[in-house]
Each structure stands twice: as C-alpha cells, then as structure tokens.
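Please examine the structure shown below.

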Amino acid sequence: FTLLLFVAIFTGCNHNEDIVVEHSRVTLEASHNSATRVTFDGQKSTWEDGDRLSVAVDGLEGVYHFDYDATTESKFICDNLVMPAEQSDLYAFYGVEDENIDVANKCATVNLGAAEQIQSAQEPTKHIAEYDVLYGKAESVKGNNIQIAMNHTIAAVKINLTSSLQDVPTIKSVTITAPEGVALAGEYVINPSSDEIILADDTEAVNSVNLTFEEPVLLGTDGCVAGIATAPVALVEGDNLVIDITTADTIYYYRPNSSLLKHK
C-alpha cells in the first residue's frame, strides 16, 4: 500500500500539466438589440433580478438555465453546464417554457401578443414587457464568458391620445384592427439560426387587439398613452390599421388619412 501510494504521488507530481479540470460554471453576457424588454419604460429595456435564459447548446441534450446576476448589467450564470471541448453554437431564449423549446432543431414555439391586454395606470408599459419573448444565437463559442445579442419578437405600438372635445371623455379601451389575414397575435415558431419568426401551422391569425385600462382614464388636456404589444407584422400599401377608442358612452374610430369619426 505504501509503495503504491508513493508511486501515485510521484506520478501525479510529474504529470500535473496533463490534468484538465472541468469547470461547470459558465457566464453569458446578454445584450438587447433594441428596446422593449425586460423592464420597459417606453424607451429602453433592462434586465431585472429573477430573469432567466433557457439555453440549448449544439452537441448537448436538454435545456440549461442561466440566471441573471443582479450585481451586473447583463451577465447570466449557469452552474451546471460543461461546454463541449469543440466550438459550438449556443441558442438562448427568454420567456419560453422548457417544454416549448425544440432542442434537436434549436427553435421554440411561443404565443406572441394577445387579443386582450390590460394596461396599468401606475405601470403603463409593464404589460408590453410581459409579452416580449427574446431569442439569440452565439456562433462558434467555447468555454466561458460568452457574448450573445438578444432579439425582440414583438412590436410595441404606442398610441398618443389627446382630445379637443368640449366634454372631457373617459377612455375605457383602445382596439387596433389589421386587415383580415394579418396576424397581430398568435402562435409562432422562432428559429434563431435563420432569424425567422413564422406563424405556426394551423394557427388562426388574430387581426385585432383590444387594450383595456385597469381604471378608466380621464382624457384631460395632457392626454395619455396607450401601449399595445403585437406580433411582428408587415402592412403593404393600401392596408388600413383601424383604431377604435371606446369612452364611457361613445366609440370613436380613426382611419389613416381621415378625421376622427364618431361611431353612433
């Protein structure tokens, strides 16, 4: 036993340079490509404590969770991931449940936008952040300190409401409607590899979104802002985006190149 132990110590001392220690902590720095998520003040977005990225890695099975380090501006940490020895691509999602991530094909199925949304008087942009799913891809990464740019999926529609009416109206809701077949909300497939967001098969296009206020808004001289989260959408020349404004007793609607019309 003594001889064997001596040989083991002797061998270890002379071959220490051949020992490779695997580190299971991986740090990822996730930046925002544009401003809508996660805490959103109407102009810029920042990460907040409790945020988490779900990550798939080429060559590995399963989804790995990176938790936001609130002591930093944009760093996330995973304590149970050993990166492959070779360079690999990494795919990150925010706001996606693990069961909705297709690890084999490195894509995710999610709902973007919603037909019914509620705006808080105290936090008028909070609901927009809640609907925004993010995704990103880092190519040919190896080891630690990975950089990844996260892309937003939704469009944040900002509608400034003002009134020139003699009687101050009380706003109950705002509805935007796109042409038939144009989806403002629905189930989508996100593919970070091709940077595509495509309406899922057999999914009906929701072309109208209704925003209600937690408390009716009295539209004074300063006006107010209605914020609506929609799926990415493209309108072509000739398409109309109709805006309906419902007050306590009247509906007003607006069409491009027209005046504000009263709906009786």
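This is a predicted model: local features need pLDDT of at least 70, side-chain atom pairs count only at pLDDT 80 or more; totals for chains, interfaces and linings use all residues.

Residues are numbered from 1 along each chain as its sequence is written, and side-chain values use heavy atoms, with hydrogens and water left out.

Q: How many helices and strands does the protein have?
A: Helices (H or I, at least four residues) and strands (E, at least two) are DSSP runs, numbered from the N terminus. By this assignment, the protein has 2 helices and 21 strands.

Q: What percentage of the residues of the protein count as buried?
A: Buried means under 20% relative accessible area, exposed over 50%, and partly exposed in between, with a 1.4 Å probe and protein chains only. Of the 264 residues, the share that counts as buried is 40%.

Q: What share of the contacts with a separation of 6 or more comes from residues 24 or more positions apart?
A: A contact means heavy atoms within 4.5 Å. Among contacts in the protein with a separation of 6 or more, residues 24 or more positions apart account for 67%.

Q: Which residue of S16 is the bridge partner of valine 189?
A: Strand S15 (residues 186–191) runs antiparallel to S16, and 4 bridges join them. S15 also pairs with S9 over 5 bridges, where valine 189 is the bridge partner of threonine 109. In S16, the partner of valine 189 is isoleucine 198.

Q: Which residue in the turn of the S8 and S9 hairpin has a positive phi?
A: S8 and strand S9 (residues 107–112) pair in the antiparallel sense over 2 bridges, and aspartate 102 has cysteine 107 as its bridge partner in S9. The hairpin leaves 4 residues between the strands, and the residue with a phi of about 55 degrees is lysine 106.

Q: Which residue forms a salt bridge with lysine 106?
A: A salt bridge is a side-chain nitrogen of Lys or Arg within 4 Å of a carboxyl oxygen of Asp or Glu. Lysine 106 is buried, because its relative accessible area is 10%. The closest N and O atoms of the pair are 3.5 Å apart, and the partner is aspartate 58.

Q: Is aspartate 89 buried or exposed?
A: Aspartate 89 forms a salt bridge with lysine 137, the closest N and O atoms being 3.9 Å apart. The pair links distant parts of the chain, with aspartate 89 in strand S7 (residues 88–94) and lysine 137 in strand S11 (residues 134–141). Because its relative accessible area is 18%, aspartate 89 is buried.

Q: With which side chain does the side chain of aspartate 51 make a polar contact?
A: Aspartate 51 is found in the loop between strand S3 (45–46) and strand S4 (52–57), and at 6% relative accessibility this residue counts as buried. A polar contact is a pair of N or O atoms within 3.5 Å; within protein, one must be able to donate a hydrogen and the other to accept it, and residues adjacent in sequence count only if both atoms are side-chain atoms. At 2.7 Å, the partner side chain is that of tyrosine 94.

Terms used. Two strands pair if DSSP finds at least two bridges between them.
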